[in-house]
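This report walks through selected local features of one protein structure. Please look at the sequence and the model below before reading on.

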Amino acid sequence: GTRDGQTRLIRDNGKVEAYQWSVSEGRWIKIGDVVGSSGATQQTSGKVLFEGKEYDYVFTIDVNESGPSYKLPYNITDDPWLTAYNFLQKNDLNPMFLDQVAKFIVDNTKGQTLLSTNTQFSDPFTGAGRYVPGSSSGPSTIPAADPFTGAGRYVPDSASNAVAPLGGVDPYTGMGAYQSAAAKVENIYFPKKDAVTFDQANPTQILGKLKELNGSAAEEHKLTEDDLIILEKLLSATCNASTETPTAQQLQTLWRAVNWPEDIVFPALDILRLSVRHPTVNENFCSEKEHVQFIILLLKFLNPKGKQANQLLALRALCNCFVSHAGQKLMMEQRDEIMTQAIEMKSGNNKNIHIALATLTLNYAVCLHKVNNVEGKAQCLSVISTVMEVVQDLEAIFRLLVALGTLISDDTNAMQLAKSLGVDSQVKKYASVSEPAKVKECCRFVLNLL
C-alpha cells in the first residue's frame with residue numbers, strides 16, 4: 001500500500017474482496033466482500049439472491065474486524081436514502097449515518113464495475129484511515145460499536161461522530177421517518193430537548209491500554225492488580241445495562257487513576273467519560289461536596305498547550321455530565337469558567353476536539369432554552385459566533401447550528417442578539433452546502449428565524 005486507508009478490490013476465485021491498507025500494521029486488512037450486479041463475471045447479467053429476493057448489488061459491511069458483518073442489498077431502481085434508512089433500522093445502527101451510507105451506495109453503484117480490481121471501493125464504515133494519536137488531520141475511527149470503525153487499537157483521539165443521545169433517540173435523524181426529497185422537510189433539528197453524549201467505546205481496549213501504561217508508571221502512581229479489577233468492574237457496571245451500582249471504592253480508585261501524570265492519564269479519563277453517565281457516578285462527582293475538585297481536574301486538561309487526547313476526553317466528559325440533574329446543575333453553575341476555558345480549544349485543526357466543543361455548546365443551549373438566562377444565552381451565542389469563524393469540520397458546524405437554533409427559538413431577545421453578532425452572515429456561508437444535507441437544511445431553518 002502507498003497510504004493509510006487505501007482500498008483495493010481483489011478477485012479470489014470469482015469472489016471480490018475489499019481490502020484496506022494499514023500503515024501501522026504494515027498489512028492489508030479485509031474490510032468486506034463486494035458482489036456486483038454482474039454476478040460471477042462482468043459478462044453475465046444474473047442478479048444476487050438475498051433473503052429470497054434478487055438484487056443488483058449485495059454489499060457485505062464489516063462494522064469492525066472482530067464484530068458481525070451486515071448485508072446491504074440494493075437495486076439500481078431503489079432510492080439510496082430509503083435503502084440506507086432501512087439498512088440502519090434493520091441492523092439497529094445509529095441513524096446519524098444516513099447520509100454516509102446513502103453516499104456509499106451512490107458512489108459504489110453509479111457507472112462502476114465493481115468486479116474491476118482497480119476500482120476504489122469506499123466502505124462507509126471502514127474506508128477512512130485510522131486515526132493515529134497525536135495526529136490532528138485526516139479521518140478517524142474508534143474501535144467499538146461505532147459504525148465509523150476499523151481494525152484499530154484503542155486510541156482516545158478517535159472520532160466519536162456516532163453520538164448517541166440521551167434516551168436513545170438520535171438528535172438529528174432519528175425523530176422522523178424517511179421522507180423523499182420531494183416531501184416537505186420538517187424541522188427535526190431544534191429546539192433540541194435532550195443532551196447529546198459520547199457513548200461509544202471498547203472497554204476491553206481501554207482497560208488494555210490502562211494496564212499497559214500502568215506497567216510503566218512511576219511507583220507512586222502504579223495501580224495494584226486489585227485496583228485494575230475494581231476499575232474493570234466499574235467500567236462494566238457503567239457501560240452495560242447492568243443493575244450493579246458503582247461502589248465508593250470503585251469511585252475512589254477511579255479518582256486516583258484520573259490524577260495520573262498527563263502523558264498516561266488518557267485511558268483513565270476515558271473511563272471517567274463513560275462512567276459519569278451513570279446516575280450514581282454523576283451524583284458523586286457533581287455533588288456539592290466533590291464538584292470543585294472535579295471541575296478543577298477537567299479544566300486543567302483544557303489547556304491549549306496540553307495533550308490533545310486529554311483535551312478531547314475532558315470535553316467529552318463535560319458533555320456527558322449533562323445526562324443527570326446533578327451534572328446539569330453543576331455545569332450551569334460553573335458555566336462561565338467552563339465555557340471560557342473550553343473556547344480555547346477552538347484553535348488547531350483537530351476535528352474531533354471541534355466536534356466535542358460544539359457538542360458542549362449544544363448541551364448548554366439545551367439547558368438555557370428551558371430557562372430565562374439572558375447572560376447565559378449571550379455567552380453561548382458569543383461562543384457559537386467565535387467558534388464558527390475558525391472551525392471547518394461540517395459536523396461541528398452542524399452542531400453549532402443546532403445550538404444556535406435552540407437558543408433563538410421562542411426568544412426574540414436571543415434572536416436580536418444573534419443578529420447583532422452577525423451570526424446570520426456566518427450561517428449563510430453554509431446554506432449552499434450540498435452534503436451532508438442536514439447542514440443545508442438546518443441553515444435554512446435558522447435563517448427563517450433570523
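## Helix 15 and its ends

Aspartate 411 caps the N-terminal end of helix 15, with a side-chain oxygen 3.1 Å from the backbone nitrogen of asparagine 413. Such a polar contact is a pair of N or O atoms within 3.5 Å; within protein, one must be able to donate a hydrogen and the other to accept it, and residues adjacent in sequence count only if both atoms are side-chain atoms. Helices (H or I, at least four residues) and strands (E, at least two) are DSSP runs, numbered from the N terminus. The model is predicted: local features need pLDDT of at least 70, side-chain atom pairs count only at pLDDT 80 or more, and totals for chains, interfaces and linings use all residues. Residues are numbered from 1 along each chain as its sequence is written, and side-chain values use heavy atoms, with hydrogens and water left out.

Helix 15 spans residues 412-420, and its buried residues are Ala414, Met415 and Ala418. They cover an arc of only 105° around the axis, which puts them on the same side of helix 15. The arc is that of the directions from the helix axis to the C-beta atoms. Buried means under 20% relative accessible area, exposed over 50%, and partly exposed in between (1.4 Å probe, protein chains only). An α-helix has 3.6 residues a turn, so residues three or four places apart point the same way. On the face turned away from the buried side of helix 15 are the exposed residues Thr412, Asn413 and Ser420. The buried residues of helix 15 pack against helix 13 (374-390), helix 14 (394-408), helix 16 (423-428) and helix 17 (437-449). Contact here means heavy atoms within 4.5 Å.

## Backbone exceptions

Most residues other than glycine have a negative phi, and most peptide bonds are trans. Aspartate 410 is not a glycine, yet has a positive phi of about 60°. This aspartate 410 sits in the loop between helix 14 and helix 15 and is exposed, with a relative accessible area of 76%. Just after helix 15, glycine 422 also has a positive phi, of about 75°.

Two cis peptide bonds can be listed. One joins phenylalanine 190 and proline 191, with omega about 0°; proline 191 is in the loop between strand 8 (164-165) and strand 9 (196-197). Another joins glutamate 435 and proline 436, with omega about -5°, and proline 436 lies in the loop between helix 16 and helix 17.

Arginine 277 is in the loop between helix 6 (266-275) and helix 7 (279-286). With 18% relative accessibility, arginine 277 counts as buried. Its side chain makes a polar contact of 3.2 Å with the side chain of aspartate 199. Leaving aside neighbours within four places in sequence, arginine 277 is in contact with Phe198, Asp199, Thr238, Cys239, Asn320 and Val323.

Histidine 278 is found in the loop between helix 6 and helix 7 and counts as buried at 16% relative accessibility. A polar atom of the histidine 278 side chain lies 3.1 Å from the backbone nitrogen of threonine 280. Not counting residues up to four places away in sequence, histidine 278 touches Ala237, Thr238, Glu244 and Pro246.

## Helix 7

Which residues of helix 7 are buried? They are Val281, Asn282, Phe285 and Cys286. These cover an arc of only 105° around the axis, which puts them on the same side of helix 7. Their cover includes helix 4 (225-239), helix 5 (248-257), helix 6, helix 8 (291-301), helix 9 (308-320) and helix 10.

## Helix 10 against helix 12

The axes of helix 10 (residues 325-333) and helix 12 (residues 351-369) come within 11 Å and cross at roughly 100°. The two helices, helix 10 and helix 12, are therefore roughly perpendicular to each other. Gln328, Met331 and Met332 of helix 10 make the contact with Leu360, Tyr364, Cys367 and Leu368 of helix 12. These residues divide into six nonpolar, one polar and no charged.

Axes are lines fitted to C-alpha atoms, for helices over the stretch in contact, and angles run from 0 to 180 degrees between N-to-C directions. Angles under 35 degrees count as roughly parallel, over 145 as roughly antiparallel, 65 to 115 as roughly perpendicular and the rest as oblique. Ala, Val, Leu, Ile, Met, Phe, Trp, Tyr, Cys and Pro count as nonpolar, Asp, Glu, Lys and Arg as charged, and the others, Gly among them, as polar.

## The whole protein

The protein has 17 helices and nine strands. Of its 450 residues, 54% are buried.
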